[in-house]
Structures are given as structure tokens and as C-alpha cells.
Amino acid sequence: MAEFMELEGQDGVRMAWNVVPGTKQEASNCVVPVSAIYTPIKPFPNMPVLPYAPLRCRNCRSVLNPFSIVDFAAKIWICPFCFQRNHFPPHYASISDENLPAELFPQYTTIEYQSPGEASSVPPVFMFVVDTNIIEEEMTFLKSALSQAIGLLPDNSLVGLITFGTLVHVHELGFGTIPKTYVFKGSKDVSKDQLLEQMNFFLIKPKPPTGVVAGARDGLSSESIARFLLPASDCEFTLNSILEELQKDPWPVPADQRASRCTGTALSVAASLLGACVPGSGARILAFVGGPSTDGLGAIVSKNLSEPIRSHKDLDKDSAPNYHKAVKFYEGLAKQLVHQGHVLDLFACALDQVGVAELKVAVERTGGLVVLAESFGHSVFKDSLRRVFRSEDKELGLSSNGIFEINCSKDIKVQGILGPCASLEKKGPLCSDTIVGQGSTSAWKMCGLDQATSICLIFEIVKKEIPDATLQSSNNQFYFQFLTYYQHSTGEMRLRVTSLSRRWVAGPGSVQDLIAGFDQEAAAVVMARLVSFKMEIEAEFDPIRWLDKALIHICSRFGDYQKDSPSTFSLSPRLSIFPQFIFHLRRSQFVQVFNNSPDETAYFRMILNRENVANSVVMIQPSLISYSFQSAPEPALLDVAAIAADRILLLDSYFTIVIFHGSTIAQWRKAGYHNQPEHQAFSQLLQAPKDDADAIIKERFPVPRLVICDQHGSQARFLLAKLNPSATYNSDGHNPGGDIIFTDDVSFEVFLDHLQRLAVQ
């Protein structure tokens, strides 16, 4: 594993196969697709930032890199992707073996170019879209969180405010003397032109007869924009006074009905307003939603309480009447936001569902952040919101307006990207006919991206037959180049270039080489993203069956065994944990939707789709650490056998962190032993997992939920649900002080046993 982590530390890339199967047939035999998980703007402390423009190949537009072949005498370089010969421009005249430009240094396979003249003139823009149809207590929590957030905004950033309930209120912040709002009906969609007309944008400067209205350059006066978007330093007082005065939505709600909430219309108004005022700038819509949308185009449920909100069962049976209409509406909104280059961030805080499943498409295509919590007073929401603006713990490094492009050797095509981006529909010879995720393009828009955003690229090998061995040995490298053009958090435009080369193998002796380059963590994460994607788009898809077939295939291809003899079966250390990952993936919240609402499932998948390998592995197979008097903190098997009366367990399942006290520890704690001076060791034992949990929480966005529970307590379910059920209610004798799990799920041992029997057939 260590060498794969090193590669990630150099380029921010993890590939499932680091030695690539060389032909189409080989690749399909490998089951896990040839794929890469790439973190485009991962921070590297010693990566050079070059103050000049990159040198591009005149044929395929790829950038000069360490894999280019350079002829110093003739001042020519050969592109490794299309073999085009390119002349160096005059300012490269002095290059030689001893005098290389940085982009040709072999260790700088990832490098950044900074165009000096291209800093964006528009400061960051934040449009707050706030739900007012929530109970008083929630309103108080939300107001205090918002006023804190407004205090943390950068001084030069522009701010706007829209509140919504039954109606949509756009607040004119620039009219400082008295509060003034423009009101739109929640049930009716407003087009961009109607919006501009009704908000008096053309009073001073008449509307241009032709063309698109877009910002101060095209048809709007900057005074009219400044009525709604003001620098944070100028309007902090106005904003805080509006928030203080903000009341719960005044419209009466009959006892048998849901409150009227027009989330879709409010977001549509926000998108159109930003599209007219600041197109192409790094603007974010921060939506704070406290309940289901019941009015207007994005409604997910009717107002009648007799109609329940859709469940997974309704979606499977196609009996959720509003679902497809709402998704279609948000797809349109996503398209509009991507075109404008703007981001939608969603903070959904309610005990009921609010419609994250429908909103998912708009948040994911624009690269927005998403936080799901039970209340606006919950630490998951409050701490996550603070972290968006404040960077003392760990900076998110929010960047905007990214465009991601890819080049690769001619025997490779791209099927698509699974992750937070939107296709720019740039067709070309690189695009595969098979589409996975955002496909049939070689360029993608990433409106919002941060230092941790990771995308999963799925490739297809198209080389048909295998040429003779002589040819193979001379040219057996596949090359990939990832280009990310983005607006850095400082405002300047940067181009990050990562160039990779991977050896390919084919033919009879290649199995050992493939195994040596197999990254089982990356492979598990790719399978998790793929299975989530298939569950969403394929009707009648059986995820468990698909994963099991894939695993059996891999084991029978790469395992060592004698035919029909399960006891002889063994896997190389490179593959040995992969079955365990798949076992936990089958039981994870990505595959088992039972007991989760469609909103929760959508939320978990959105986070899985944007996180790096290390974090995603924790979501699939949580980590477990055991604390006891007998030994220092140590990793424990994710198994019910890890539970003991005199142990504390710390479970990190990414979304939840559980501190679990064994029954004896819990009794001592309740007796107050940790407060007595002679039991200092016990007090330290109780404190150690808390400190470790805090360290994890500081590093993570969204902030995980912390659960502290005791053995046999009701919240112990958070731990028990994740453990391998090696001791269940019907198994013989279990260890005293331990626990059993009431389940009919198979344990990992039984799973492995069946896997071995099927793999050797």
C-alpha cells in the first residue's frame, strides 16, 4: 500500500491498476475497470508555480511534460500522446541537458502555471437563501449561525439575501434606510427577464434591444447590481438587523396540512439574479432548508399530510408522483448554474426529509457542498458552516470556475467521470461509446472545487490484438495528462497539470504483473462509486449480485488454487483485503437502502462521490480502535468479538464517530471513579478516545456526528450495525462480557467460505 500512497503524495492520483491491462479483452477480464481517482487541486508544499504560460503541442494541445522526448540540438520536443514534433519558441533557446525548464524535471510530474495578467476582477459572491417556514426554536438557532457566518465573510466578498416560505422575498440590501424587499409568488416560476423587469433593473439604463443581459459589461448598470449584492464590510449591519427582525413565515397552516415552502422557486430566483448580475464569477448560493418543498416547481410532496413523503419503496415502484418532475426541474437549474459558473451549496436541517434526493443533481453538477443534520442547532450544522468560512483548523481552499480536461494515449478512451462535475460535451476521439457518469466528452466544468474534491475517471482500453513481443518491450507505456484550469482562492487563474505514465502488460505471463500493481483500496472505492451510480440509473439492478459476481470473477482469475479444492485457495497480499472491503460495502449504507430515507442515501452517495480514497475507505469499512488498561490504543478487528466489558472502543464510520464504553467501564464512570485522585489512570483512559475523536472531527468536512454510548444502551446500535456478526443470537457459546448481534446476516467467515468454494469451480 505504501508505494501507492507515495504516488498519491506526488500527483494526487490513485489508480486501481497501476500496471494496466494492455488489451480490451485483458481489461474486461480484470473486472474492476481501469480507473483513476484524482484530487485536482490537492495542496503540495513543494510543487513549483511557474509564472509563464504553458507550452502546448500544436496537434493535441497537451502540455510539455517530463515524458516528452526532447532533442536539445534541434530544439524540438515530441509529444508522448500524439507523437507530433513541436519546435521550442525562441525564449526556450538556452535549454540543454544541464539547463532544463521546471516542467521537464522528472520529479515535477505535477506542476502549476499562473497567468500573471488574469486575476479575476469580481470578488467572491455569497447569496444566502434562507427558509423561514421553520419553528421558532430552529429560527433562533439558524439566525445565530448565520450572523456568525456573516461575521466571518471576507470583507471584499459580495453578499445577497433571499428568504422564502410561502413567498420568495429578495432583500434590497443597498436601500439601507428601511428594509425593502421584492416579493415573488412561490407557486409560479419566474423567468430571468420577468425578474429583471419586476426588480426595476432597467429604470436608469434601458434594456438593450438584443443580446443576453449579463452583468455590468452587458446591459446592467453597476448601481442596480449594488442594490442586491453588497460588499460584506458595507452591509454587515443591514444584514444583521434584517436577520434579527426575521420572523417565521406568517401564513397560517391548517392542522391537516404541511407548511407551504417554495424551495425550487427561491433557488431559481437566486440563480437568475446571479446569472444577470455576476455571470462567470465565483458565486455560491448557500441554501438553508428546514423542511420539504411543497409548493412551486421543485415540490417533492403535496401539502396534504395524508400523503407521506416518498420512500425508497415508492421510488422503486414508481409511485412517487412528484419525484420525476422535481428532478427534471433541478436538472434544468443545474444546467443554468453550470452555464453561469455558479455553485449551489445545500444545508438541509430537519427531522423530516427536505428533498436532498431531488436536489442532488444540482448540487453535484455544480460541485457544491452538502450538509445534512437533524436541526440547525446541531453541531454537525453549526461547525460545518463555520468551517466553510474560517480556516484556522483546516482550510477547505474553496476554488471556483474550474475546467478539467484530459489527454491520454491513443489506445485509451474515457467513459466518463463519477464525481462533482458537469460534462462540457467536448466530443472527440478520446470519448468512448460506453458512458459512465458524466461522459462522451473530454472536458468537464467544475464550478466549485476544494482541496479535497476527488473525481473518479473510468477508462476503456481499446487496443484489440496484442502485437508481437519485440514491439511490446520497446513501447509499453500508457500516458495520461490531467489539466485543471481554475480560479484559486486568492482570485488568480491557475492551470494545474498532472502527467502520468503507467506500464501496460498483456498476454499469458501478465497476471503476476497485474497483481503487483493492484491497489485494493482504490479498487474498492471505484466499485463503491460504480455500484451507487448503477443503483441510481439502472432499473431492476441487483447490487449485491453484481458485487458478488465481480468478486468471484476476480478471485478465480487472480487467486492461487487447485481446481475444485476450496482448501487450497489463497490470495496474494495485494488482493487479500479486497474481499473484506466488498463484504463491508455490501452491508454499507450505499448498498443497503433499508432503514435510510432517499435523502440520507443521496447524501451519503454525494459525499462518497467527492472524497479521496482514504476517506472513502473509512465510509466503506469503518476503523475501530480499542482502549484498555492492558495495552496502548490499538486497532481492533471490525467484529463483535472486539467488544469487552473493560474496553472502550472508538468507531470512525466517517459520518458518525462512536465512543463505546464496555459495561464495566460504564459502571465505574457512573460511580464517578474518574473524579477521584487515586483513579487518575481511569480518567486518562476515558479522555484518550475523546481526544482522538476531536482530532478526527477537526480534519473533516462535513463535521461528523459524535455519539457517546454504553454497552447494552440504546445508542450502542450505531456501533453494532457496523460490526461483523461473528457471534449472533443463534451461535454457540460467546465470550463473557462480550456481546452478540441479533441478525440473520452472514458473518465474514461464512462469506469467505462460500467465496472460496465458488472461486475454485
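## A loop residue: Q438

Strands here are DSSP runs of E, at least two residues long, numbered from the N terminus. In this predicted model, Q438 sits in the loop between strand 19 (422-423) and strand 20 (443-449).

Is Q438 buried or exposed? Q438 has a relative accessibility of 17%. Buried means under 20%, so Q438 counts as buried. Leaving out residues up to four places away in sequence, Q438 touches R365, G416, I417, C421, A422, S423 and W444. A422 and S423 are among these contacts, and strand 19 spans 422-423.

## The chain as a whole

The protein chain holds 22 helices and 30 strands. Its radius of gyration is 28 Å, close to the 27 Å that the globule rule gives for 761 residues, so the chain is as compact as a globular protein of that length. Along the principal axes, the C-alpha atoms fill a box of roughly 80 × 80 × 60 Å.

Of the 761 residues, 56% are buried. Take the contacts with a separation of 6 or more: 72% of them link residues 24 or more positions apart. The accessible surface comes to about 32,200 Å². Carbon and sulfur atoms account for 53% of that surface.

Strand 8 covers residues 110-114. Four of its five residues are buried, so strand 8 is largely enclosed by the rest of the structure.

Which way does strand 4 run relative to strand 8? Strand 4 (residues 49-50) and strand 8 run parallel, joined by two bridges. Here V49 stands opposite E112. Strand 23 (residues 493-505) pairs with strand 8 in the antiparallel sense, over five bridges. In that pairing, T110 stands opposite T498.

Another set of strands forms an open sheet in the order 27-26-28-29-30, with mixed pairing.

Helix 19 (residues 663-670) lies across strand 28, strand 29 (656-661) and strand 30. Helix 19 runs at about 80° to strand 29.

Methods. Residues numbered from 1 in each chain as written. Predicted model: local features only at pLDDT ≥ 70, side-chain atom pairs only at ≥ 80, totals over all residues. Heavy atoms only, no water. Buried < 20%, exposed > 50% of the residue type's maximum accessible area, 1.4 Å probe, protein only. Contact = heavy atoms within 4.5 Å. Pairing = 2+ DSSP bridges. Axes fitted to C-alpha atoms, helices over the stretch in contact; angles between N-to-C directions. Rg over C-alpha atoms; globule rule 2.2 N^0.38 Å. Areas by Shrake-Rupley, 256 points an atom, 1.4 Å probe, with all protein chains shown as cover.
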